[in-house]
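Notebook open, viewer open. I'm jotting down what I look up as I go, one entry per topic.

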Amino acid sequence: LIFSTKDRAPPITAPLHDDLLAYMGGIVREIGGALRAANARPDHVHLLCSLPTTIATSDALRLVKTNSSRWVHREWRLAGFDWQAGYGAFSVSHSLLPTVTRYIGDQEKHHRRVTLQEELIAFLKKNGINYDERYIWS
């Protein structure tokens with residue numbers, strides 16, 4: 001799962017990073033899922049998780065984003081913090097879990113070379129996924 005902060009603002013600072021990811025992991029566990037890997041950059045989050053079959057991905061993301069945003073406002077007093085409306089959700093085969101886990105862990109190094117926007121567009125093109133760029137970043 002990949003999603004950005006609203007307008008790709010960079011409010012995810014080093015002090016917030018670990019607490020935010022831990023809080024999101026708690027939300028995933030609360031809905032019956034398991035967080036396998038997580039990382040964040042100042043303007044976006046990557047979560048590798050197993051979600052239960054009893055909840056739609058969109059509902060799971062709504063819970064993660066709504067509750068984590070509320071928590072950031074309450075605990076960190078970041079009044080302007082918000083998530084973008086959309087997200088990217090991609091299935092991963094079990095055999096690729098180590099590769100995806102490593103990729104998520106290497107976000108700092110990876111994004112020195114390529115932006116989130118460039119990365120997502122390249123991924124969509126590589127996998128033949130049609131998209132309208134006007135709606136990707138809302």
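Entry: I started with Asp7, which sits in the loop between S1 and H1. Helices (H or I, at least four residues) and strands (E, at least two) are DSSP runs, numbered from the N terminus. I looked up its phi: Asp7 is near 55°, a positive value in a residue other than glycine. Asp7 counts as exposed, at 62% relative accessibility. My cut-offs for this: buried is under 20% relative accessible area, exposed is over 50%, and partly exposed is in between (1.4 Å probe, protein chains only). Arg8 is in the loop between S1 and H1 too. Arg8 is not a glycine, yet its phi is positive, about 55°. At 26% relative accessibility, Arg8 is partly exposed.

**Entry: ground rules.** I'm working on a predicted model, so local features need pLDDT of at least 70 and side-chain atom pairs count only at pLDDT 80 or more, while totals for chains, interfaces and linings use all residues. Residues are numbered from 1 along each chain as its sequence is written, and side-chain values use heavy atoms, with hydrogens and water left out.

**Entry: overall layout.** I noted six helices and three strands for the protein. Read from the N terminus, the elements go β-α-β-β-α-α-α-α-α. The radius of gyration is 15 Å, close to the 14 Å from the globule rule for 138 residues, so the protein is as compact as a globular protein of that length. That radius is taken over C-alpha atoms, and the globule rule is 2.2 Å times the number of residues to the power 0.38. The C-alpha trace spans about 40 × 30 × 30 Å along its principal axes. Of the 138 residues, 38% are buried.

I also looked at contacts (heavy atoms within 4.5 Å). Among those between residues at least 6 apart in sequence, 62% join residues at least 24 apart. For surface, the protein exposes about 8,200 Å², with 52% of it supplied by carbon and sulfur atoms. Those areas come from the Shrake-Rupley method with a 1.4 Å probe; for residues, only the protein chains shown count as cover.

**Entry: helix H1.** H1 covers residues 14-30, 17 residues in total, and I get 25 Å from its first C-alpha to its last, close to the 24 Å expected at 1.5 Å a residue. The expected span is 1.5 Å times one less than the number of residues. Which residues of H1 are buried? They are Leu16, His17, Leu20, Leu21, Met24, Gly25, Ile27 and Val28. These cover an arc of only 165° around the axis, which puts them on the same side of H1. The arc is that of the directions from the helix axis to the C-beta atoms. Pro15, Asp18, Arg29 and Glu30 are exposed on the other side. The cover over the buried residues of H1 includes strands S1 (2-4), S2 (34-41) and S3 (44-50), plus helix H2 (57-76). After H1 comes Gly32, with a positive phi near 95°.

**Entry: aromatic pairs.** I searched the whole structure and got four aromatic pairs. Rings of Phe, Tyr and Trp (its six-membered ring) pair if their centres lie within 6.5 Å; planes under 30 degrees apart are stacked, over 60 edge-to-face, the rest tilted. Tyr23 and Trp71 are stacked, 4.7 Å centre to centre with 15° between the planes. This pair links distant parts of the chain: Tyr23 is in helix H1 and Trp71 in helix H2, 48 residues apart. Tyr23 is partly exposed at 28% relative accessible area, whereas Trp71 is buried at 10%.

Phe81 and Trp83 are edge-to-face, at 4.9 Å centre to centre and 85° between the planes. Both of these residues are buried. Ring pairs link Phe3, Phe81 and Trp83 into a cluster.

**Entry: two spot checks.** What does Ala60 touch, not counting residues up to four places away in sequence? I found Ile31, Leu51 and Ile55. Ala60 lies in helix H2 and is buried, with a relative accessible area of 1%.

Last one: Val114, in the loop between helix H4 (107-113) and helix H5 (116-126). Val114 is buried at 18% relative accessible area. I put its C-alpha 30 Å from that of Ile27, 87 residues apart along the chain.
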